[in-house]
Each structure stands twice: as C-alpha cells, then as structure tokens.
Amino acid sequence: MSDQEHTLAVFIDFENLALGFKNRKKNEKFEISTILARLVEKGKVIAKKAYADWSSYAKYKEELHSAAIELVEIPRRRMTGKNSADIRLCVDAMDMSYSKDHIDTFVIVSGDSDFSPLVAKLKENGKQVIGIGMRESTSSLLSDNCDEFIFYEDLEQASQMTPPRIAGDIPEEKRDAFELLFESITALMRENKEILWSSMIKQTMQRKRPSFNESTLGYRSFSEMLLDCAKRNYLQVSKDSKSGTLIVDGFGK
C-alpha cells in the first residue's frame with residue numbers, strides 16, 4: 001500500500017468477540033477504544049458497524065455508542081434458525097464495497113472462519129482487508145486469508161508502551177501534544193513507513209485527536225513544532241533535498 005491516506009470501514013461481529021473475552025479475568029475489561037486507537041493509525045475511519053443481539057450485551061452499548069459505532073440489532077439465533085449477524089455483516093460489507101469506491105480498506109473484527117469467503121471477495125474487488133480478533137475465538141483459516149491480522153491481546157500490550165520521557169519543565173498542554181506526537185511517530189514506524197513526512201505525522205495526530213492544532217501551543221507551523229522537539233533532543237529531523245519538507249528520522253538520543 002502507498003503512503004496516501006487510507007479510508008477504512010469497520011465491521012464488528014460482536015458475538016464472536018464475546019466468545020473470546022468471556023473467560024477473561026474480571027479486571028481485564030474489554031475496550032473498543034483499544035481497537036479504534038490502532039485503526040486510526042492506519043487511516044481515516046469512515047464507517048463503524050457492530051452486529052449482535054444487543055439485549056445480551058447491554059453493558060457494552062454505552063461504550064460503543066460513545067465511540068460513534070452504529071449498533072445493528074440482530075434477532076436471537078433461536079428465532080431465525082441461522083446466524084443472522086454473519087449474513088447481515090457480509091451483505092453490508094459487500095454493498096459498501098461496490099457502492100463506496102473511496103473506501104479502500106475493510107476491517108473485519110471477528111475470528112470466525114465463516115468470513116473467509118467475504119475476505120476473499122473483498123480482496124478480489126481490490127480492497128485491503130484487516131482482521132482483528134481474540135486469540136481464543138480466531139480461526140487460522142480467517143487470519144491467514146487477511147492482508148493483516150491483529151490480535152486484540154497484542155493491542156493491549158502495545159497500549160502499555162512507555163512514551164519517551166519529557167522534561168518536567170514542559171507545560172502540561174505542550175507535554176500532552178509531545179506525547180501525542182511521539183505516539184503517532186511510533187505508530188507510523190510500526191506501519192513500516194519508509195519516510196516519515198511531517199504532513200503524514202500531522203495527519204496521524206489529527207486522526208487520533210481531531211482538536212490538535214500546533215498554533216494553540218504557540219507554534220507558527222507544524223514544522224516549527226518538530227524543530228523545537230529536535231532542539232530539545234526528542235527527535236532527529238532532516239529536510240528533503242528537493243521539496244525542503246521536514247522528515248523525522250527517529251527519536252533523539
């Protein structure tokens with residue numbers, strides 16, 4: 001995939017997720033924000049839908065609503081005699097694949113092998129497919145067919161990474177912005193981006209926190225913010241020889 005900004009559609013088979021986290025310890029709470037935080041590092045999330053009989057998962061509804069996820073109500077399986085959630089998810093994903101050309105990446109949050117034909121068809125239509133699931137409820141048939149598969153447990157470990165240490169004399173507002181900057185750079189490195197253009201980094205920061213604006217911190221431009229971080233030895237930066245655009249080469253020593 002190129003370095004252009006990608007657009008994502010997310011489809012969540014919540015019943016399958018529930019199978020994976022029902023045996024977790026009581027203090028290990030499932031958080032949809034952990035999944036979404038990883039996805040905004042990959043591109044702009046255009047659509048988010050979750051499928052389930054929500055009367056059985058009422059305690060999760062508030063968190064999903066807060067994340068602006070559309071909750072699609074599916075009748076109980078004993079009422080229909082078949083897994084209606086799987087069918088509805090597949091129909092909606094294929095409909096969006098044909099009708100929304102601007103969406104280039106589909107995210108299937110499930111470990112159910114029944115979605116393997118959907119993955120194959122989406123790839124046939126030129127879409128990138130990312131799978132996300134719990135280890136206990138993920139079939140290798142599905143994970144092996146996706147362009148990329150991410151286990152939720154790995155996201156939890158990644159979210160616990162310690163950010164670079166920031167000097168204590170930095171004001172709190174600027175400290176928060178620096179932490180967001182370092183988190184976004186780390187995310188792009190994790191995506192194996194060969195060149196970390198300043199514009200690419202700012203796009204990632206704004207997807208993570210839409211209210212981010214370097215001018216509120218006293219900077220005239222985003223480049224000035226990067227240069228300030230380099231002056232403090234937080235970053236190593238250079239300029240592209242042709243365009244003069246700033247590039248982040250890595251964290252400072």
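Start with the open sheet of six strands, whose order is 3-2-1-4-5-6 and whose pairing is parallel. Strands here are DSSP runs of E with at least two residues, helices are runs of H or I with at least four residues, and both are numbered from the N terminus. Two strands pair if DSSP finds at least two bridges between them. The model is predicted, so local features need pLDDT of at least 70 and side-chain atom pairs count only at pLDDT 80 or more, while totals for chains, interfaces and linings use all residues. Residues are numbered from 1 along each chain as its sequence is written, and side-chain values use heavy atoms, with hydrogens and water left out.

Now select strand 2, residues 43-52. Strand 2 runs parallel to strand 3, and four bridges join the two. One place to look is lysine 49, whose bridge partner in strand 3 is glutamate 70.

Contact means heavy atoms within 4.5 Å.

Is threonine 7 buried or exposed? At 14% relative accessibility, threonine 7 counts as buried. Buried means under 20% relative accessible area, exposed over 50%, and partly exposed in between (1.4 Å probe, protein chains only). Leaving aside residues up to four places away in sequence, threonine 7 touches Lys44, Ile46, His102, Ile103, Asp104 and Thr105.

**Helix 2**

Select residues 32-39, which make up helix 2. Six of its eight residues are buried, and the helix is mostly covered. Those buried are Ile32, Thr34, Ile35, Leu36, Arg38 and Leu39.

**Aromatic pairs**

Rings of Phe, Tyr and Trp (its six-membered ring) pair if their centres lie within 6.5 Å; planes under 30 degrees apart count as stacked, over 60 as edge-to-face and the rest as tilted. This rule gives 10 aromatic pairs.

Show phenylalanine 11 and phenylalanine 106, a stacked pair with 6.1 Å centre to centre and 0° between the planes. The pair links distant parts of the chain, with phenylalanine 11 in strand 1 and phenylalanine 106 in strand 4, 95 residues apart. Phenylalanine 11 is buried at 1% relative accessibility, and phenylalanine 106 is buried at 0%.

Then move to phenylalanine 182 and tyrosine 234, an edge-to-face pair with 5.7 Å centre to centre and 70° between the planes. Phenylalanine 182 is in helix 9 (residues 172-190), and tyrosine 234 is in the loop between helix 11 (222-231) and strand 8 (235-239), 52 residues away. Both residues are buried.

For a cluster, select Phe14, Trp54, Tyr57 and Tyr60, which form one aromatic cluster.

The next stop is an open sheet of three strands, in the order 7-9-8 with antiparallel pairing. Strand 7 and strand 8 stand at its edges with a single partner strand each, so one side of each is left without a neighbour in the sheet. Helix 9 packs on this sheet, touching strand 7, strand 8 and strand 9, and its direction makes about 90° with that of strand 9.

Strand 7 (residues 196-197) pairs with strand 9 (residues 246-251) over two bridges. Here tryptophan 197 has isoleucine 247 as its bridge partner, and leucine 196 has valine 248. Strand 8 and strand 9 pair over five bridges, and glutamine 236 stands opposite glycine 250. Strand 8 and strand 9 form a hairpin with six residues between them; in the turn, glycine 244 has a positive phi of about 80°.

**Salt bridges**

A salt bridge is a side-chain nitrogen of Lys or Arg within 4 Å of a carboxyl oxygen of Asp or Glu. The count comes to 11 salt bridges.

Select arginine 135 and aspartate 154, whose side chains meet in a salt bridge (3.2 Å, N to O). Arginine 135 is partly exposed, at 43%, and so is aspartate 154, at 33%.

Finish with Arg38, Glu41, Glu183 and Lys208, which are linked in a network of salt bridges.

Key. Axes fitted to C-alpha atoms, helices over the stretch in contact; angles between N-to-C directions.
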